[in-house]
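Please give a short report on this structure.

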Amino acid sequence: MSLGISLHQLSKRFARGKEAVSAVDGISLDVEAKEMVAFLGPSGSGKTTILRIIAGFERPTEGRVLIGGQDVTDLEANARGIGFIFQNYALFPHMTVFDNVAYGLRAKRVPAGEIPRKVAEILEMVGLKGVEKRFPNQLSGGEQQRVALARVFVLDPRVLLMDEPLANLDASLRTRMLAEIRRLQRHLGTTCIYVTHDQKEALTLADRVAVLNRGRLEQVGTPLELYEAPQNLFVADFIGQANLLRGVVKAVSADSAEISVCGRSLRVRRGRIETLKSGDAAGIAVRPSAVSLGAAREAFLQGRVESRIFAGDRMEYEIEVEEGVLVRAYGALPGRGFVFSEGDPVGIHFDPGETMAFPL
Ligand SMILES: Nc1ncnc2c1ncn2[C@@H]1O[C@H](COP(=O)(O)OP(=O)(O)O)[C@@H](O)[C@H]1O
Ligand SMILES: [Mg+2]
């Protein structure tokens, strides 16, 4: 049976010499039963520490952890009914696939008569029917990874925690394993927290993504919500690509703000307009897809093409708009539209419906 997880005001401070390092800072979050939530943040943002607190390997300095509504903060790790997959989850090399998968069932004292059926079922689910008698070194890397998944999912954990489980795999295997994890998780209805610093993994895998930065929860939402309606500059920058520019607020009305950027005046309707005040510094975020390039005259900003790369399905430009200030933009492929050369003067427009402003 899968259960929800509630984190209430979790904090963790570590002593470092005489100082206290705040690794986790007041995190509250509910993960629903059967939900897949990704914790996404840069290295050092507190992801592993939160996972270790949920698992019971670490005590929080403050706050509570509830699983299925039960407060488990003071329970031992092995009394919490949680499954884990961490980065280096090697198989037992001297055991067959069957024994690798059966290992946890035996440890849980599942009756011996039920084990073969459970092992066969899960191996079939991960597409490994018939390899029971092989040893790990007789399997491909991808097959070994699937055995590792089978070994955890066969235990039908109430909650499954994964900490960058695919970090050591090459890109194509990683993509396949992501799909595999997603399929198993959906099929079995396992409540999952998946920790990663890779936004692509988080966005493809999760029902909701919790964005962490310096131990704090910046925002939690569906991948689309985070992309379409970031609540701050960190999320705007971390999810998808964004050009970040500094501006000064000139005027604010009910649904827009007028912001001075690179000496020009820009009307912005998205972001956190309601928090801006005239005279404030503001951060502007514009996705490269919302930047259009054209003739230098009459444009919102003037710039010069600093670099141009062929990115497969489009050209990608970096345009210098002020000394040291680069704006990234996309353009048509040769033969499909105008192509700029490095050094060309160019005019830049920001799509006003796609430009966001946040307090700094
Ligand atoms: N056992 C520990 N002792 C001291 N500091 C720690 C310990 N574990 C983690 N930290 C610090 O806590 C912060 C968050 O670490 P961590 O949770 O591992 O981040 P992430 O998994 O997001 O990379 C980092 O600054 C790290 O150095
Ligand atoms: Mg970590």
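Val249 stands opposite Ile259 in E12. Five bridges join strand E11 (residues 243-252) to strand E12 (residues 257-261), and the two run antiparallel. Helices (H or I, at least four residues) and strands (E, at least two) are DSSP runs, numbered from the N terminus. Strands pair if DSSP finds at least two bridges between them.

This is a predicted model, in which local features need pLDDT of at least 70, side-chain atom pairs count only at pLDDT 80 or more, and totals for chains, interfaces and linings use all residues. Residues are numbered from 1 along each chain as its sequence is written, while chains are lettered from A and ligands numbered from 1 in the order in which they are written.

E11 and E12 belong to an open sheet of six strands, ordered E13-E12-E11-E15-E21-E14. Its pairing is mixed. Strand E13 (264-268) and strand E14 (270-271) are the edges, and each pairs on one side only.

Another open sheet has four strands in the order E2-E1-E4-E5. Here the pairing is antiparallel. Ten bridges tie strand E1 (residues 5-16) to E2. Ser6 has Asp30 of E2 as its bridge partner.

Helix H1 (residues 47-55) lies across E1, E2 and strand E4 (62-67). H1 runs at about 115° to E1. Axes are lines fitted to C-alpha atoms, for helices over the stretch in contact, and angles run from 0 to 180 degrees between N-to-C directions. Contact means that the C-beta atoms of two residues, placed from the backbone, lie within 7 Å.

Which residues are around ligand 1? They are Phe14, Arg16, Val21, Ala23, Gly41, Ser43, Gly44, Ser45, Gly46, Lys47, Thr48 and Thr49. A residue is near a molecule if its C-beta atom, placed from the backbone, lies within 6 Å of it. E1, E2 and H1 are the elements that give two or more residues to this shell. H1 gives the largest share, three residues. By class, the shell has three nonpolar, seven polar and two charged residues. Ala, Val, Leu, Ile, Met, Phe, Trp, Tyr, Cys and Pro count as nonpolar, Asp, Glu, Lys and Arg as charged, and the others, Gly among them, as polar.

Now the helix pairs.

| Pair | Axis distance | Angle |
|---|---|---|
| H2 (residues 97-107) and H3 (residues 115-125) | within 10 Å | roughly 120° |
| H2 and H4 (residues 141-153) | within 7 Å | roughly 30° |
| H4 and H5 (residues 171-188) | 11 Å | about 25° |

H2 is therefore oblique to H3. Angles under 35 degrees count as roughly parallel, over 145 as roughly antiparallel, 65 to 115 as roughly perpendicular and the rest as oblique. Phe98, Val101, Ala102 and Leu105 of H2 touch Ile115, Lys118, Val119, Ile122 and Leu123 of H3. That contact divides into eight nonpolar, no polar and one charged residue.

The crossing angle of H2 and H4 is roughly 30°, which makes H2 roughly parallel to H4. Val97, Asn100, Val101, Tyr103 and Gly104 of H2 make the contact with Val147, Ala150 and Arg151 of H4. Five of these residues are nonpolar, two polar and one charged.

H4 and H5 are therefore roughly parallel too. Among the residues that meet are Leu149 and Phe153 in H4 and Leu173 and Met177 in H5. Their contact holds seven nonpolar, three polar and three charged residues.
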